[in-house]
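Please keep the sequence and the structure in view while reading.

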Amino acid sequence: QRQLVESGGGSVQPGGSLRLSCEAHGVNLEDVGIGWLRRAPGKQLEGISCISRNGGNPGYADSVKGRFTISRDNNKKNTVVLQMDSLKVEDTAVYYCGILPSHMFERCDFAVDEYTYWGQGTQVTVSS
């Protein structure tokens, strides 16, 4: 049974950083694309980042480009990390990692409709 477990959320001041992790169970992350979505209070689910099966050409939404970095954790098998720097109040949301189709080998698409499964999420709060 597949399961995605997100961790690393918390509260931080504007300008701060957080590192989210997504550990997969029951699915080999080398066989699928993987990405992150978020749902801010009162807003729709938003796809924000993805990484393809071969790790190349990661994708980022304009809202996080230059501040967030997605990567596969070289030290922990089947884990993907989202490094979030220069956090803004508007980044406050529940963050989910999600599975993308296996055909995303070299490039990925983080649009919400592309995700086939996501985890329970972790809360990120940015406030002063």
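**The core**

Six residues touch the most other members of the largest nonpolar core: Trp 36, Ile 48, Phe 68, Leu 82, Met 84 and Tyr 95. That core holds 38 residues. A nonpolar core here is a set of buried Ala, Val, Leu, Ile, Met, Phe, Trp, Tyr and Cys residues joined through side-chain atoms within 4.5 Å. Buried means under 20% relative accessible area, exposed means over 50%, and partly exposed lies in between, with a 1.4 Å probe and protein chains only. Strand E3 (18–25), strand E4 (33–39), E5, E7, E8, strand E9 (93–100) and strand E11 (122–126) each supply at least two core residues. The largest share, six residues, comes from E9. Strands (E, at least two residues) and helices (H or I, at least four) are DSSP runs, numbered from the N terminus.

The model is predicted: local features need pLDDT of at least 70, side-chain atom pairs count only at pLDDT 80 or more, and totals for chains, interfaces and linings use all residues. Residues are numbered from 1 along each chain as its sequence is written, and side-chain values use heavy atoms, with hydrogens and water left out.

Contact means heavy atoms within 4.5 Å. What does Ile 48 touch, leaving aside its neighbours within four places in sequence? Its contacts are Trp 36, Leu 37, Arg 38, Gly 59, Tyr 60, Ala 61, Val 64, Phe 68, Leu 82, Tyr 95 and Phe 110.

Gly 47 is found in strand E5. Gly 47 counts as buried because its relative accessibility is 11%. With neighbours within four places in sequence set aside, Gly 47 contacts Trp 36, Leu 37, Ala 61, Phe 110 and Val 112. From Gly 47 to Ser 11 the separation is 36 residues in sequence and 21 Å in space, C-alpha to C-alpha.

**The open sheet**

Four strands form an open sheet in the order E1-E3-E8-E7, with antiparallel pairing. Strand E1 (3–7) and strand E7 (68–72) are the edges, each pairing on one side only. On average, neighbouring strands of this sheet are turned by 15 degrees against each other, direction ignored. Two strands pair if DSSP finds at least two bridges between them. Strands of a sheet pair through backbone hydrogen bonds, either parallel or antiparallel.

How is E8 placed, enclosed or open? Five of the six residues of E8 are buried, so E8 is largely enclosed by the rest of the structure. E3 and E8 pair in the antiparallel sense over six bridges. Within E8, Thr 79 is the bridge partner of Glu 23. E7 and strand E8 (residues 79–84) also pair antiparallel, over five bridges. Thr 69 stands opposite Gln 83 in E8. E7 and E8 form a hairpin with six residues between them. In its turn, Asn 78 has a positive phi of about 65 degrees.

**The disulfides**

A search of the whole structure finds two disulfides. A disulfide is a pair of cysteine sulfur atoms within 2.5 Å.

| Disulfide | S to S | Angle about the S-S bond | Hand |
|---|---|---|---|
| Cys 22 and Cys 97 | 2.0 Å | 55 degrees | right-handed |
| Cys 50 and Cys 108 | 2.1 Å | 80 degrees | right-handed |

Cys 22 lies in strand E3 and Cys 97 in strand E9, so this pair ties together parts that are 75 residues apart in sequence. Cys 22 is buried at 0% relative accessibility. Cys 97 is buried too, with a relative accessible area of 0%.

Cys 50 and Cys 108 are joined by a disulfide. This pair links distant parts of the chain, 58 residues apart: Cys 50 sits in strand E5, and Cys 108 in the loop between E9 and strand E10 (117–118). Both Cys 50 and Cys 108 are buried. With the bonded cysteines of the protein chain numbered in sequence order, the pairing is 1-3, 2-4.

**Ser 52**

Ser 52 lies in the loop between strand E5 (45–51) and strand E6 (59–60). Ser 52 is buried, with a relative accessible area of 0%. Leaving aside neighbours within four places in sequence, Ser 52 is in contact with Arg 72, Met 104, Phe 105, Glu 106, Arg 107 and Cys 108. One of these contacts, Cys 108, is the disulfide partner of Cys 50.

Key: Axes fitted to C-alpha atoms, helices over the stretch in contact; angles between N-to-C directions.
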